[in-house]
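Please look over the sequence and the model below before reading on.

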Amino acid sequence: MPDNKTLNLEDILNHPQVKKVTDDVNAELLERRKYLPPPCEVFSHPYTVMEETDRYRFELDREAEKQLPDIISNRVQLIKGQDSVDDAAARQFGKTRNIGIVFSGGPAPGGHNVIAGLYDAAKKANPANRVFGFLVGPDGIIENETVELSDDMVDRYRNLGGFTMIKTGRTKIDTREKMKLSRETCRKLKLDALVVVGGDDSNTNAAFLAQELLADGIQIIGVPKTIDGDIQVRDVDGNVLCAMSFGFHTAARAFAGSISNLCTDSSSDIKYWHICKVMGRVASHLALEVALQTHVNMTLIGEDLADYVDHDRLQKAQKDKNIDYHAYGMTLRHLSRIICEGIVRRAAVGKNYGVIVIPEGVLEFINEIQVFILKLNTIIADYNQTHDFDFHASFMRLEDKLEYLRRLAQRAREDTGFKLWNTRDDDLFNDIPAFFQEGLLMERDSHGNFPFSQVETEKVLLGLVQDYLSILKEEGLYKVGIRKDYYSKTLESAGLDPDRFGAALFINYGDSEFLLVKPGIISVKTLDQALQKEGLITAGDQIPAAVAKIFKKSMPSFKTQIHFYGYDGRGNDPTRFDCNYTYNLGLTVFSLIANGATGQMAAIKNLDKDLASWEPIGIPIAPLMHLEERKSKLALVIEKSIVDVDSIAFQVVKAHREKWLAAVPGDDHYRRPGPIRFTGNSEEERPITLELNAVGNLGD
Ligand code: FBP
């Protein structure tokens with residue numbers, strides 16, 4: 001070993017070991033780049049053909065029929081492998097093509113493999129095929145910003161997370177001008193096909209592009225991407241065509257890995273409640289999967305809260321021959337009460353710690369907040385449509401925005417026809433904390449979506465939880481249970497009789513493993529009074545130190561740590577499931593293009609089974625569209641799939657709620673999913689949600 005005193009910095013930096021460990025390229029990266037996802041069986045043949053099937057039915061929306069006349073009759077296309085085809089088909093399959101691909105919306109792990117699959121298939125069919133990546137999302141199409149993909153570029157990003165290779169953006173091609181510019185770009189690049197990798201809004205955009213560019217002979221193919229897991233497609237008979245968008249598994253596993261570590265930490269130093277907000281703009285699919293992966297103590301599922309009915313309240317009203325409409329749907333206050341109940345019950349058995357998962361989009365399902373979101377969406381959209389400056393540019397500060405709302409409320413008082421924002425709305429809005437007001441007034445994205453990820457939902461909820469816990473503590477109803485053997489040992493070692501003091505101190509002395517200090521004893525003063533009353537001490541005596549120690553331990557303090565899991569999981573390197581799924585999606589995209597499809601979304605059927613049973617298909621996009629309110633207007637969009645509270649996955653989580661809350665003596669039931677492992681085979685093969693829901697799938 002050389003004496004390190006003799007090494008200068010240059011020598012150190014040039015040392016092979018130093019170079020090796022500081023290189024950007026590490027062993028894990030090399031493993032990932034080298035991995036070749038196995039293709040579905042159909043892709044092992046030199047050709048693929050498309051077979052249209054009538055087996056799947058859709059209910060067509062009138063407006064979609066009107067606006068998308070040339071692609072509304074598209075059917076589901078099955079992709080079949082062929083060893084040989086006639087000359088005309090072979091020429092069509094192998095003809096030289098220019099293909100463009102764009103990422104749209106938030107990143108999702110696996111996107112690079114969609115590119116890799118498409119690139120490999122295109123080059124295999126004809127090495128002269130060219131694939132162009134549009135830079136920074138749909139803006140790249142509008143502004144003709146592209147890069148031609150090469151072997152080197154594609155190889156660098158195989159099986160890696162993010163959309164780093166060509167970046168992404170959220171611009172929507174939603175005006176005649178943007179459509180015109182997009183068409184010009186496609187013509188300049190002589191594109192045969194354009195592939196849009198995106199979520200519900202981006203695939204909606206893909207359908208409009210398909211309709212618009214049909215006359216130019218440019219095919220448009222969508223790919224179902226989003227960590228939120230809210231692109232799930234079934235036909236009207238319930239047949240599953242796309243069980244899950246790509247990226248969901250990885251993001252959920254990444255969140256679950258970190259949250260599971262919090263479970264371990266929290267149950268070790270037993271002093272914190274960890275409040276974990278997890279992404280998923282509206283739907284709670286990610287929260288549900290995290291619950292299944294980790295068995296945290298409490299998981300809120302937005303869709304379940306929307307479904308909530310307060311039966312006690314209903315019954316009370318029924319007795320008075322009334323209907324209490326407030327009994328339907330959850331309020332923030334009520335939700336905080338439910339959380340507090342769990343916290344109090346765990347504390348009673350000595351567990352003043354735990355982990356709660358809150359879905360990012362939970363507010364969407366809380367009636368009172370939903371009303372604000374909708375009203376403010378409309379107010380902002382209306383303002384933007386009628387003014388030169390947009391709402392946020394006109395009213396930069398919160399005070400300015402509030403002042404504008406105040407003026408609207410005043411207008412409502414003067415003009416009875418104006419109902420958008422009345423005095424009651426204004427008063428209620430002014431009652432909420434400023435940070436939450438700012439959150440609700442945040443700028444909407446180009447699709448008119450509310451930016452849930454920017455709102456500190458967990459802080460709002462936590463504020464209410466803290467307030468209510470303080471009340472419960474004052475009422476003596478929030479206590480930490482004391483292990484009976486610990487109590488006895490503590491008193492005996494101080495020479496005191498546990499039984500004499502036990503009856504005076506606890507409500508359940510003698511019949512419980514965890515002892516609860518009486519509700520009336522909430523301070524040293526009330527403790528002193530209780531002991532005097534039972535004749536255990538006399539006025540002026542010191543409270544025995546052992547008793548004071550037990551009392552102190554019984555008084556809870558609610559300490560929290562807040563976490564947000566979102567962007568980190570979105571950028572994770574894909575799980576093996578997502579690597580294989582997305583590579584095959586890329587291969588499917590090429591098959592759809594080579595067989596002349598447009599207005600179709602690439603998908604893989606049977607994701608809940610082994611790869612040997614996966615079936616690449618094309619799903620027609622136009623029949624998935626329906627009318628929804630966007631930016632205060634009805635617009636055609638693909639319906640977001642939210643958590644079905646009748647699904648097996650949700651029912652299983654619901655059935656385990658009590659067990660995972662673990663408000664009984666004994667261990668918690670945390671599950672350790674571990675980190676995402678690219679090598680080894682101990683990671684589950686697909687999302688647990690998918691696995692569970694498949695139990696009830698139609699066996700077509
Ligand atoms: P996509 O629907 O575009 O895939 O994005 C999903 C998502 O990650 C949501 O979970 C989250 O609410 C949102 O993007 C965050 O958006 P942004 O990246 O603009 O902050």
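Helix H18, made up of residues 398-414, has 17 residues and reaches 25 Å from its first C-alpha to its last, close to the 24 Å expected at 1.5 Å a residue, where the expected span is 1.5 Å times one less than the number of residues. Helices here (H or I, at least four residues) and strands (E, at least two) are DSSP runs numbered from the N terminus. The model is a predicted one, in which local features need pLDDT of at least 70 and side-chain atom pairs count only at pLDDT 80 or more, whereas totals for chains, interfaces and linings use all residues. Residues are numbered from 1 along each chain as its sequence is written, and side-chain values use heavy atoms, with hydrogens and water left out.

Within H18, the residues Leu398, Lys401, Leu402, Tyr404, Leu405, Leu408, Ala409 and Ala412 are buried, a term that stands for under 20% relative accessible area, while exposed stands for over 50% and partly exposed for values in between (1.4 Å probe, protein chains only). Seen down the axis of H18, these buried residues fall within an arc of 155°, so they line one face of the helix; the arc is that of the directions from the helix axis to the C-beta atoms. An α-helix has 3.6 residues a turn, so residues three or four places apart point the same way. The face of H18 turned away from its buried side carries the exposed residues Arg413 and Glu414. The cover over the buried residues of H18 includes helix H16 (367-386), helix H17 (391-394), helix H19 (423-431) and helix H20 (434-440), with contact taken as heavy atoms within 4.5 Å.

H21 covers residues 457-474, has 18 residues, and reaches 26 Å from its first C-alpha to its last, close to the 26 Å expected at 1.5 Å a residue. Just after H21, Gly476 takes a positive phi of about 75°.

Which residues are the closest to the ligand? Of the 15 residues that surround the ligand, the closest are Gly106, Arg170, Asp228, Glu360 and Tyr567, where a residue counts as near a molecule or strand if one of its heavy atoms lies within 4 Å of it. An oxygen atom of the ligand is 2.8 Å from an N or O atom in the side chain of Arg170. For the side chain of Lys225, the distance from an N or O atom to an oxygen atom of the ligand is 3.0 Å, and for the side chain of Arg570 it is 2.9 Å. The protein covers 86% of the 480 Å² of accessible area that the ligand has on its own; accessible areas come from the Shrake-Rupley method with a 1.4 Å probe, and for residues only the protein chains shown count as cover.

Several single residues can be read in their local setting. Gln211 is found in helix H10 (residues 200-213) and counts as buried at 16% relative accessibility. Leaving aside neighbours within four places in sequence, Gln211 is in contact with Gln67, Leu68, Pro69, Asp70 and Ile71.

Val136, although not a glycine, has a positive phi of about 55°; Val136 is placed in the loop between strand E4 (130-134) and helix H7 (139-142), and is partly exposed, with a relative accessible area of 43%. Asn606, which is not a glycine either, has a positive phi of about 70° and is found in the loop between strand E16 (600-605) and strand E17 (615-620), where Asn606 is buried, with a relative accessible area of 13%.

Asp86 is found in the loop between strand E2 (76-82) and helix H5 (87-94) and counts as exposed at 53% relative accessibility.

For the chain as a whole, the secondary structure comes to 29 helices and 19 strands, and the C-alpha trace spans about 105 × 85 × 60 Å along its principal axes. Of the 700 residues of the chain, 55% count as buried. Residues 24 or more positions apart account for 76% of the contacts with a separation of 6 or more.

Note on methods: Polar contact = N/O pair within 3.5 Å; in protein donor to acceptor, adjacent residues only side chain to side chain.
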